[in-house]
Structure formats: structure tokens, C-alpha cells
Amino acid sequence: MEHFWLIWTVSVLCAFCIIPVQSRTIRRQVQLQAEVQPTGRVPPLVAVMMLQTSVLLALATAAGLWLLPATGLRLWVVEHSSQGVALPFSLQAFWVVSVVSGVVAGIVVNFVDRCWFQPHMTAKRGQAAISSRFLGLLSSFYGGVCEEVLMRLGVMTVVVFFAQKLGLGGSSYWLGIAVAAIVFACAHLPGNYMTYGKGSIVTCWTPVIPLFYSGEGDSVVAHRKKASVFID
């Protein structure tokens with residue numbers, strides 16, 4: 001539990017980066033449903049959402065760090081950065097593989113999204129929630145840090161722990177990856193329903209993008225002593 005405050009503080013700060021996107025989304029939803037003009041103020045609901053996110057990040061961090069020693073997973077990069085712990089892998093190779101695979105995955109998904117998904121969509125607000133590169137950059141901090149803490153350090157570690165208690169052995173890591181990826185994917189449905197409305201295309205395609213990214217990253221964890229950004 002020694003890294004709790006470090007991980008929780010960084011993840012909460014990254015969560016605050018999503019406030020502009022949340023504010024725009026809520027204002028548009030209010031306009032759509034109540035036909036009122038935006039006031040220019042941050043809706044109180046944003047503060048509630050930030051409090052909820054902070055609590056969830058605290059729970060995920062605490063549960064993950066508490067159960068981590070029993071699972072065989074390690075915070076390799078964090079331990080190396082904060083304590084100088086020797087790494088069982090090349091840090092340079094780790095970053096090269098992470099960056100290259102992330103760029104390739106992003107290009108593939110973005111291409112398919114633009115060529116197939118978006119042409120079939122009718123945005124309810126006439127504009128996506130993330131409508132500029134700056135907002136996209138801010139959102140990337142939430143996705144790259146907060147969702148990693150919630151899904152990998154939190155959900156995946158908990159699932160691996162209980163799976164090992166059930167005697168699943170090495171399969172527990174793959175089960176943890178699968179469950180975390182599915183939860184991660186389904187968590188994106190409400191936001192896209194709010195933006196695009198409910199429909200078969202939204203329901204089918206929304207989980208594909210998070211599953212692709214999550215599977216691409218988490219597969220590294222399953223290969224024993226490689227590494228993820230947070231855990232392995």
C-alpha cells in the first residue's frame with residue numbers, strides 16, 4: 001500500500017482533465033432535453049461525477065495494491081521509478097513496443113471508425129462531445145491513467161486474486177484480462193448512447209474500440225514477467 005497516495009493523486013489529477021468534456025456533454029444534454037440555453041457555469045453534476053470518480057479511484061487503488069502481492073503481479077515501472085528496483089526487462093524495449101503497438105492500433109481503429117462507423121451514425125447533438133484536438137488531448141490523460149487504475153490495477157487484480165483462490169492457476173491472468181476488458185468496453189456504452197442515441201450500430205461498435213485497445217495492452221500482462229504501465 002506504499003504507493004497508494006502516489007497513484008491515487010496522479011489519477012485524480014488526470015481525472016480533472018476530463019471536466020471540460022463532461023461540462024460540454026452535460027450542457028448539450030440539458031439543452032436537448034429541457035430546451036434551455038447553457039448558462040456558462042459548470043453544472044453541479046460535474047462536481048458530483050468528479051467526487052464519484054475520486055472515490056472509485058481510491059477503492060480501485062486500495063484494493064489493487066492490497067491484493068497485488070498475492071497475485072504475483074508487480075508495479076515494475078512504478079517501483080523502478082520510485083525505488084530504483086531492477087527491472088527484469090528492457091525499459092527501452094518496453095516503451096518502443098508500447099508506443100509502436102499503440103500507434104498502430106490507433107491508426108487501424110481510427111481508419112475503420114472513420115470509414116465505417118461514423119458514416120452510419122447520426123449525432124444527436126450534431127457534434128461529438130470531444131470536438132477539438134485540445135479536448136482530445138485532455139481526455140487522453142483520463143483514458144491513459146484513470147482507466148488503467150480502475151480496470152487493470154483494480155478490476156483485473158481483484159479478478160486474478162479470486163480466480164487464483166479458485167485454483168485456476170495461470171488461466172487466472174487471462175480471465176482477469178477478459179473481465180477487465182469487457183467491463184471497460186461496456187462502460188463506454190452510456191456515453192455513446194448519450195451522444196448518438198441507442199441503436200444496434202452503437203451497441204455493437206462501441207465495445208469494439210475499447211476491447212481492441214484493452215486487449216492489445218493487457219496481452220502483455222499475461223505473458224508472465226513482461227510489463228504493463230502499472231502492473232505485471
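**Exercise 1. Burial and fold**

Solution: 
- Buried means under 20% relative accessible area, exposed over 50%, and partly exposed in between (1.4 Å probe, protein chains only).
- This is a predicted model: local features need pLDDT of at least 70, side-chain atom pairs count only at pLDDT 80 or more, and totals for chains, interfaces and linings use all residues. Residues are numbered from 1 along each chain as its sequence is written, and side-chain values use heavy atoms, with hydrogens and water left out.
- The chain has 10 helices and zero strands. Helices (H or I, at least four residues) and strands (E, at least two) are DSSP runs, numbered from the N terminus.
- Take contacts with a separation of 6 or more: residues 24 or more positions apart account for 74% of them. Contact means heavy atoms within 4.5 Å.

**Exercise 2. The largest nonpolar core**

Task: Find which residues touch the most other members of the largest nonpolar core, and which helix gives the most to this core.

Solution: 
- A nonpolar core is a set of buried Ala, Val, Leu, Ile, Met, Phe, Trp, Tyr and Cys residues joined through side-chain atoms within 4.5 Å.
- The largest one has 31 residues; Leu57, Leu75 and Leu153 touch the most other members.
- At least two residues of this core come from each of helix H1 (4-15), helix H3 (44-71), H6 and helix H7 (171-186).
- H6 gives the most, with 11 residues.
- Now take Leu57. Not counting residues up to four places away in sequence, Leu57 touches Trp8, Ser11, Val12, Ala15, Cys146, Val149 and Leu150.
- Another core, of five residues, lies apart; Trp76, Val77, Leu87 and Phe94 are among them.

**Exercise 3. His3 and Gln83**

Task: Decide whether His3 is buried or exposed, then list its contacts beyond four places in sequence.

Solution: 
- His3 lies in the segment before H1.
- His3 counts as buried because its relative accessibility is 7%.
- Beyond its neighbours within four places, His3 is in contact with Leu65, Leu75, Val78, Glu79, Ser82 and Gln83.
- Gln83 is found in helix H4 (residues 76-83). With a relative accessible area of 41%, Gln83 is partly exposed.
- With the neighbours within four places in sequence set aside, Gln83 is in contact with Glu2, His3 and Val78.

**Exercise 4. Salt bridges**

Task: Count the salt bridges and describe the burial of Arg152 and Glu148.

Solution: 
- Side chains of opposite charge can pair when their charged atoms come close.
- A salt bridge is a side-chain nitrogen of Lys or Arg within 4 Å of a carboxyl oxygen of Asp or Glu. By this rule the count is two.
- Glu79 and Arg74 form one, at 2.6 Å, N to O. Glu79 is buried at 12% relative accessibility, whereas Arg74 is partly exposed at 30%.
- Arg152 and Glu148 form another, at 2.8 Å, N to O. Both residues lie in helix H6, four residues apart, about one turn of the helix.
- Arg152 is buried, with a relative accessible area of 8%. Glu148 also counts as buried, at 15% relative accessibility.
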